Amino acid sequence: MSGFVFSEKPIQIAEGDGPYVYDDSGTEYLDMGASYACVPLGHDHDAVKSAVQDQLSKLTYVQASYPVEVRTALYETLADTAPDPIGKVWLCNSGTEANEAALKFARSATGRSKLVATMQGFHGRTMGSLATTWKSKYKKPYEPLIGDVEFVPYDDSEAMAEAVDEETAGVIIEPVQGEGGINPASAEFLQHTREVTEQAGAALIFDEVQTGMGRTGSLWAAAESGVSPDMITAAKGLGNGLPVGATLCRDWIAENYGSHASTFSGGPVISAAANATVETIVEEEIPSHAADVGEYLRGQLRDALGDDVREVRGEGLMIGVEVGRGANRVLKELAMTHQVLALPAGRTVVRLLPPLTIGEQEADQVVEAMEAVIT
Ligand SMILES: *Cc1c(COP(=O)(O)O)cnc(C)c1O
């Protein structure tokens, strides 16, 4: 018996603690990828763990049509933190499902079918989200997908204005592209996209599956850009490692959502994890900490790597280092020689998405390792 989708790495991870994970022989690794941004508070976080344990001892699951205190609390927590006037919450189990719901809601609320997405964008791997994802390698074997998707160059306001019209149901964008190489959009592009979607009566969806939960230096990247979209989707960091996704909506979307559902929507255990995660991030002002450490880390990386890399870019603790050669070789050496785990974003970008709780000490550790590998 064996799995077949993932090619497994030669490190058997057995335990985690804060920004570190340990293999089965006790070797310590600094987890600068946070396993795809999924543990913003670090591994094995006490508040999340005890919230989950408490909930497990009371009730593991009940169908979503019965109100449960912990899920109601999560609805409120998320509605409170979302930029106004977003106040309605749909819960699911992953990023692609959160986007799938957003695309369906955009179609049902507008009665239109056309969708607009961006080149290099990534929105997930179920048929709908996949159709709005750029890379043809991910799509080709499964075509035909849902159709009626137009792609525009990222950060190109003119192209966006041309693509959005009275037939557009929705526009889906990442405020900072993750998979596509850590590409931050300008605030002007996001604001302009807001204007043209509003004029056309189309729904604006911010895919914050990767940028959300404080990653870019504020709880939602939307708030930072001064744009209030019609929907925000979240997942990766939301349950600090437990599988939960959310589609946050304005009223006009929620009132015309059509007929969507999911059996496990907002299960009590997962809701407890998400509540503890969001509350800790807000109470401990993690986003502004991420902004500060991120700025320090980018500065140190630029100083240490200089002309040996093409660019160090990003926002908060969502950082891309364009190494200008095979990123996978750099990543392998970082892991095997320096015990630093990071991620690729395309072929030439080393992507850092550490727990948002890291300090300058961990930042220095990764800078030293990257300097040794790259310069
Ligand atoms: C990872 C990701 C997704 C897909 O999330 P899954 O939980 O893997 O389905 C969607 N959008 C963005 C921006 C992502 O980074």
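Visitor: Before we start, what does "buried" mean here?
Guide: Buried means under 20% relative accessible area, while exposed means over 50% and partly exposed lies in between. This is a predicted model, and in it Phe-105 has a relative accessible area of 3%, so Phe-105 counts as buried.

Visitor: OK, and which aromatic residue does Phe-105 pair with?
Guide: Phe-105 forms an aromatic pair with Tyr-257, in an edge-to-face arrangement with 6.2 Å from centre to centre and 85° between the planes. By the rule used for such pairs, the count comes to 5 aromatic pairs.

Visitor: Where do those two sit in the chain?
Guide: Phe-105 belongs to helix H4 (residues 95-110), whereas Tyr-257 is in the loop between helix H10 (251-254) and helix H11 (268-283), so the pair ties together parts that are 152 residues apart in sequence.

Visitor: And Tyr-257, how accessible is that one?
Guide: Tyr-257 has 39% relative accessibility and therefore counts as partly exposed. Tyr-257 is also among the residues closest to the centre of the second largest pocket, together with Tyr-75, Val-89, Trp-90 and Ala-254.

Visitor: Oh, a pocket! How much space lies in the second largest pocket?
Guide: The second largest pocket holds about 370 Å³ of space, and 15 residues line it. Helix H3 (69-81) and strand E4 (88-92) are the elements that give two or more residues to this lining, with E4 providing the largest share, 3 residues.

Visitor: How do the lining residues divide into nonpolar, polar and charged?
Guide: The lining of the second largest pocket has 10 nonpolar residues, 4 polar ones and 1 charged one.

Visitor: Changing topic, how many salt bridges are there?
Guide: A search of the whole structure finds 12 salt bridges. In one of them, the side chains of Asp-251 and Lys-88 meet at 3.0 Å, N to O, and this pair links distant parts of the chain, since Asp-251 is in helix H10 and Lys-88 in strand E4, 163 residues apart.

Visitor: Which salt bridge has buried partners, then?
Guide: Asp-230 forms a salt bridge with Arg-250, with the closest N and O atoms 3.5 Å apart, and both of these residues are buried. Asp-230 and Arg-250 are also linked with Arg-194 and Glu-198 in a network of salt bridges.

Visitor: Last one: which ring does the charged end of Arg-125 sit over?
Guide: The charged end of Arg-125 sits over the ring of Tyr-138, at 4.2 Å from the centre of that ring.

Key. Residues numbered from 1 in each chain as written. Predicted model: local features only at pLDDT ≥ 70, side-chain atom pairs only at ≥ 80, totals over all residues. Heavy atoms only, no water. Phe/Tyr/Trp six-rings, centres within 6.5 Å; stacked < 30°, edge-to-face > 60°. Helix = DSSP H or I, 4+ residues; strand = E, 2+ residues; numbered from the N terminus. Buried < 20%, exposed > 50% of the residue type's maximum accessible area, 1.4 Å probe, protein only. Lys NZ or Arg CZ within 6 Å of the ring centre and 35° of its normal. 1 Å grid on protein atoms, 1.4 Å probe; cavity = no way out; pocket = protein on both sides within 12 Å on 5 of 7 lines; lining within 4 Å. Points joined across faces, edges and corners; volume = space filled by probe spheres on them. Nonpolar A, V, L, I, M, F, W, Y, C, P; charged D, E, K, R; others polar. Salt bridge = Lys/Arg side-chain N within 4 Å of Asp/Glu carboxyl O.
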